[in-house]
Amino acid sequence: MDLNTVIEQLLLPFPMKMHGFSSFKLLQGDEDLIIVHDALDYGDCHLSLAIPKYGIFENVNSLNELAKMPQWTPERPLRVATGFTYLGPRFMKENGLNYVTFSVADGALEAAPAMGIADAIVDLVSSATTLKENNLKEIEGGVILESQKVIDPVKRCA
């Protein structure tokens, strides 16, 4: 099961058991008490909104600025490519972005804005190298979820 599926299933209203190496944030969301041993201090990543560094986004540096752009209307919503079809829409709605459509994509999301099929992406970011290579930037307030690898011995406490 990939990380996208694990995150989305965990945040839906049913419990899910996790084994082996898991994300600390994901473990916190489980209804069972899980004894977590050591944080491994590697595997850090976060789910983030990224926009182009150019064009109409050149001077947009925060989620608030993106939400206030007059371009987004019911007829012309912000187009976002993502594999996170539960977290992305929820985050946008909670942060005042009312006119947004999502296209489901998995892999090479960074190319979507340059190809003209999306205005922005929601994807996992660790070093941001791929974002930079594709002239994309993260914006203030655009981090949806942070994560780090931990050891999960799968011991449940009653």
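## Burial and the basis of the model

A residue is called buried when its relative accessible area is under 20%, exposed when it is over 50%, and partly exposed in between, with a 1.4 Å probe and protein chains only. At 11% relative accessibility, Ser62 therefore counts as buried.

The model is predicted, so that local features need a pLDDT of at least 70 and side-chain atom pairs count only at pLDDT 80 or more, while totals for chains, interfaces and linings use all residues. Residues are numbered from 1 along each chain as its sequence is written, and side-chain values use heavy atoms, with hydrogens and water left out.

## The surroundings of Ser62

Ser62 belongs to the loop between β3 and α3, where helices (H or I, at least four residues) and strands (E, at least two) are DSSP runs numbered from the N terminus. A polar atom of the Ser62 side chain lies 3.1 Å from the backbone nitrogen of Glu65. When neighbours within four places in sequence are left aside, Ser62 is in contact (heavy atoms within 4.5 Å) with Ile139 and Glu140.

## The sheet

Five strands form an open sheet of mixed pairing, in the order β5-β4-β6-β3-β7; two strands pair if DSSP finds at least two bridges between them. The edges are held by β5 (100–104) and β7 (136–147), each with a single partner strand, so one side of each has no neighbour in the sheet. Neighbouring strands are turned by 25° against each other on average, direction ignored, where axes are lines fitted to C-alpha atoms, for helices over the stretch in contact, and angles run from 0 to 180 degrees between N-to-C directions.

Strand β3 (residues 45–52) pairs in the antiparallel sense with β7 over 7 bridges and, also in the antiparallel sense, with β6 over 5 bridges. Ser48 stands opposite Val143 in β7 and opposite Asp123 in β6. The pairing of β4 and β6 is parallel, over 3 bridges, and the bridge partner of Val80 in β6 is Ala120. Strands β4 and β5 also run parallel, joined by 5 bridges, with Thr101 in β5 as the bridge partner of Arg79.

## Enclosed strands and the packed helix

In β6, 5 of the 6 residues are buried, so this strand is largely enclosed by the rest of the structure.

## Nonpolar cores

A nonpolar core is a set of buried Ala, Val, Leu, Ile, Met, Phe, Trp, Tyr and Cys residues joined through side-chain atoms within 4.5 Å. The largest one has 21 residues, of which Leu49, Leu66, Leu78 and Met92 touch the most other members. Two or more residues come from each of β3, α3, β4, α4, β6 and β7.

Beyond its neighbours within four places in sequence, Met92 is in contact with Leu49, Leu78, Val80, Leu97, Val100, Phe102 and Val122.

## An aromatic pair

Rings of Phe, Tyr and Trp (its six-membered ring) pair if their centres lie within 6.5 Å, and planes under 30 degrees apart count as stacked, over 60 as edge-to-face and the rest as tilted. By this rule there is 1 aromatic pair. The ring centres of Phe57 and Trp72 are 6.0 Å apart and their planes stand at 20°, so the pair is stacked. Phe57 lies in the loop between β3 and α3 (63–67) and Trp72 in the loop between α3 and β4, so placed that the pair links distant parts of the chain, 15 residues apart. Both Phe57 and Trp72 are buried.

Conventions. Polar contact = N/O pair within 3.5 Å; in protein donor to acceptor, adjacent residues only side chain to side chain.
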